[in-house]
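Biologist: I am new to this structure. Please show me how to read its features, one at a time.

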Amino acid sequence: MIGKIIRKESKEIIRDDRFKISLFIVVSLLIVAIFVSSNQYKNTNIQYEEAKTKERANWDSQGEKTPHSAAHYGTYAFKPKYPLSLIDQGVDKYTGVSVFLEAHKRNEAEYSAAADQTGLSRFGELTPDFVLLYIFPLIIILISYNTFTKEKEGGTIALLKSQGIRNWKLTLGKWIASLLPVVVLATILFGIAGILLSNLSDYGEFSWISLFALYSVFIVYYMVFTSITLLISSLAKKSGIALVISLTVWFLGCFAAPKIASNLADLKYPYPTRQEFTENVEYEKKKGLDGHNPWSEEAKLLEKKVLKEYGVDSLHQLPFNFSAYRMQKGEEHQAEIYKKHYEILKEQFKNQKGIYQSIAVISPFLPVRFLSMSIANTNYQTHWDFADAAENYRIDTQLYLNDNHAKNSKYQDWGYKANSDTWKNLPAFEYSPPILSDVLNDNTSIIIMLLFWLGISSGALFLSTKNL
Amino acid sequence: MFLYNFKYELKLLIRNKWIQVLSVIIIINMLFAGYNGKQKVDKRNADIENITNKVSQEDQLMLLQLDSIKQGHTVNLSKWRVPTSPMAVGNYHPRVAAMQPHDMAFVAIGQSDLFTHYTRPKVVDNSLTIKHTEMTSPVQLLFGSFDLAFVVIYLLPLIIIAFTYNILSQEKESGSLRLLASQPLSIRNWVLQKVILRFFWLVLITILVLTVVFVINEFSFSENLGAFVSCIILVVAYMMFWFALAFAINLFGKSSAKNAMSLLGLWIVFVLLIPAIMGQLSSSFYPIPSRTKMLNEMRALKAETTKKQDKILDNFLRDHPEYASKDDQGKTSFWHRYMASQRIINDELSLLQDKYDGQLRKQHELIQQFQYTSPAIIVQQSLNAMAGTSSTNYEDYRNQVASFAQQWQDFFIPLLYKNKEFTKEQYADFPKFTYQSEAEVTITTKIAVLVLFTLLITMIGWGAFRLNAKKGLVILS
């Protein structure tokens, strides 16, 4: 019986002009979106590889130089694009792509694409995630808002009942039929993306499992939307009203709720301005050990401590260059300050995330949004992760350079020049994004939220259709 | 008959629960958006005020220190921070270059969440080293703000659609259209009258709420009445466009559900798809120059110049200003050479930077043309411009800051090169930064285009109606 219902409903959907038109529009949008995104993905990665190689060449060919000069000359860490960004661009547009790594300072990632674009780009771009997150749910609404109302309006509900069909079977049949078209489209899209990505394997590691995880998230999202639409249709008396209510839910969930959440998050847990942040850091730096300042109290304390440790009475007698040693200690101290202030920032975002999660109670869009960009490694967390990795690399680089200076020269010898091979021996910056199992572990509460939505919406649907 | 009908319709409209609900939705959303705008503007003002106060406190301290030095006391400061050195003042006592919010900043958040609203350029800074992007959480940037612009662009059309999708079809579906048709009244005029009545009702509510929002935001109507009026005209023109669409769709004479569907389809096309497609087209046809490439070129240039510079400069001194005082030539010698060599580097780098910025500007100008493909884009761009939060405003601010940084440098460099000390008297001559906001925004072209859209659509509706009328489909079908 369920099979028959699915067949009947599907036939009806396929014969419907609405479906044909929207299918045509969506498919053409998707083709454009995939084409554009994959092009962008390829270009970005070519640029990334090129930038990385060139920057490393700059670093390697510094010639003979004082290590600390090299530290000031610095180097760059570039952020690559990951394969699944082809499907979900996440916050990539809003995060910087390059971090300048220099002595004494942790720099923010620079050059986010959004900062170079006009206000037009704030409308959203034609990317697969735009279609998957906003348009597909709309298609579900369009093809199923009148699933139950049409039976009521046409009086066919009585006929159906007289056939002796159980209500839950009827509902399940209609549910599957409403979901099917979007699932087919999504499957094709993810299939194409998978094939494209496995052919582009020179960039990043593409995993089918991650793709499948992403696919599952979206399928659950569509299940939730189908249940909600059918629920509304079963409760409403007229098709027009069912349509308007479903669309209100869509608008509220996909547009209004995220914006309201973002406003509340900013109001309750604001970030410091860039200037405030810098000034707070500078203020603390001024109080502590500065490798460039041998006269400060902290520097004198360090001197005493080291002299005592080595049992000598002059810095000249130390087996290493104390100036470089002090530089390294200063560096470590400053790194601590940065770490502390970035921790505050992270804490603040954690609080903000709490707000997003509580707003997710009225919007199934939010958990999907967060989960999808997490799996695609285009979320904020991955950006933090990258920035932290770059910072660790910066700290290691400073240690390597200061150690070289300390070991190979005497106290106050700033004229020492490290030989030209020194730079090549520094390992290159490597970064790989968090793996899928870690991502899923980090997002258990969001996954639970999404499953909660699935449970509630489908449960409510089957309850409300008990007595049609 | 016309007047009679009008009275009847008005009563119906006011008593209609659906319309009351929609009106309340508009009021709540606009007030909430206005409140959000106020929060953001207040925060922006508070940030600027905080920093200005902090700087003036620091200034007082610096002046006191200058006094003590003059009287022969020693001050408890690191050697390179003593304010008799012009470079110390230029670096450790920079001014605040703030971008105060425009009077209408609460209307549209625009690009304001991306960029900082004040900065303090030091004497060693230049357009390349001053950072303008704000530390906002990217998630917040992704979702955007619930501001007045969002309510007007996204929500208002939806409400108009809900207001009007079944004007004709409802009468047809309930059978009252046949009754109406027996009266001496043209159906077309009758629909027009209903649409206009709803239009005025909605416009009235919108203007009222907008005025309240403006009042809440302490907008000074006496000074900026013009800006307020153009904002209202813009919003009304946008509403007119959507009413015209609704009118045309109604005249096509399809069922209520079909009307709703078509209007929503159009909403998706104008508000979601065209902007997204235009965004994509603009970045495909006129791609933004790659910043990583620019970075590579800059680094190569810098490496090259640094090598040249090594010949001039002692490696040691370049990175260690604090040791410069031990140099025999006196303590200014380091800065002399540093500033000189920085200039060489920056001159070369800014050529490259200008090339990129020029390319970017060209792209932005071209995108400006794309706005005329959808009323939603026109309204977004105009509201951003009125609020002073468009990308042009920020570019403008960046340029002003860059030239102020130059002024700041020019103030200290002569002192440096003449080996003069900084004195209390010079404090009064400090260059001051005042943000010059652009001249008034003209929206005549934009309004004209919106009206053109409206006329075109009305004509299409009219044509369709005449075609249907000829076939006798209006009342029967």
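Modeller: Start inside one helix. Asp47(B) and Lys43(B) are four residues apart in helix H2 (residues 17-70) of chain B, so about one helical turn separates them. Keep in mind that this is a predicted model.

Biologist: What do Asp47(B) and Lys43(B) form?

Modeller: A salt bridge needs a Lys or Arg nitrogen within 4 Å of a carboxyl oxygen of Asp or Glu. Asp47(B) and Lys43(B) form one, with their closest N and O atoms 3.1 Å apart.

Biologist: Is Asp47(B) buried or exposed?

Modeller: Buried means under 20% relative accessible area. Asp47(B) has 10%, so Asp47(B) is buried.

Biologist: Where can I find a salt bridge in chain A?

Modeller: Look at Glu332(A) and Lys329(A). Their side chains meet in a salt bridge, at 3.4 Å from N to O. The two residues are three apart in helix H13 (residues 322-359) of chain A, so again about one helical turn lies between them. Glu332(A) is partly exposed at 31% relative accessible area. Lys329(A) is partly exposed too, at 26%.

Biologist: Which parts of chain B does the pair Lys355(B) and Glu297(B) tie together?

Modeller: First, the contact itself. The side chains of Lys355(B) and Glu297(B) meet in a salt bridge at 4.0 Å, N to O. Lys355(B) lies in helix H13 (residues 332-370) and Glu297(B) in helix H11 (residues 291-312), so the pair ties together parts 58 residues apart in sequence. Lys355(B) is partly exposed, with 47% relative accessible area. Glu297(B) is partly exposed as well, with 32%.

Biologist: Now step back. How many helices and strands are there in chain A?

Modeller: Chain A has 17 helices and three strands. Its radius of gyration is 29 Å, well over the 23 Å that the globule rule gives for 468 residues, so chain A is more spread out than a compact globule. Its C-alpha atoms fill a box of roughly 105 × 45 × 35 Å along the principal axes.

Biologist: How many of the residues in chain A are buried?

Modeller: Buried residues make up 59% of the 468. Now take the contacts in chain A with a separation of 6 or more: 82% of them link residues 24 or more positions apart.

Biologist: What about charge?

Modeller: Chain A carries 50 positive and 47 negative side chains. The centres of the two sets lie 11 Å apart.

Notes
Residues are numbered from 1 along each chain as its sequence is written. Chains are lettered from A and ligands numbered from 1 in the order in which they are written. This is a predicted model: local features need pLDDT of at least 70, side-chain atom pairs count only at pLDDT 80 or more; totals for chains, interfaces and linings use all residues. Side-chain values use heavy atoms; hydrogens and water are left out. Buried means under 20% relative accessible area, exposed over 50%, partly exposed in between (1.4 Å probe, protein chains only). The radius of gyration is taken over C-alpha atoms; the globule rule is 2.2 Å times the number of residues to the power 0.38. Contact means heavy atoms within 4.5 Å. Lys and Arg count as positive and Asp and Glu as negative; His and the chain ends are not counted. The place of a charge is taken as NZ of Lys, CZ of Arg, CG of Asp or CD of Glu.
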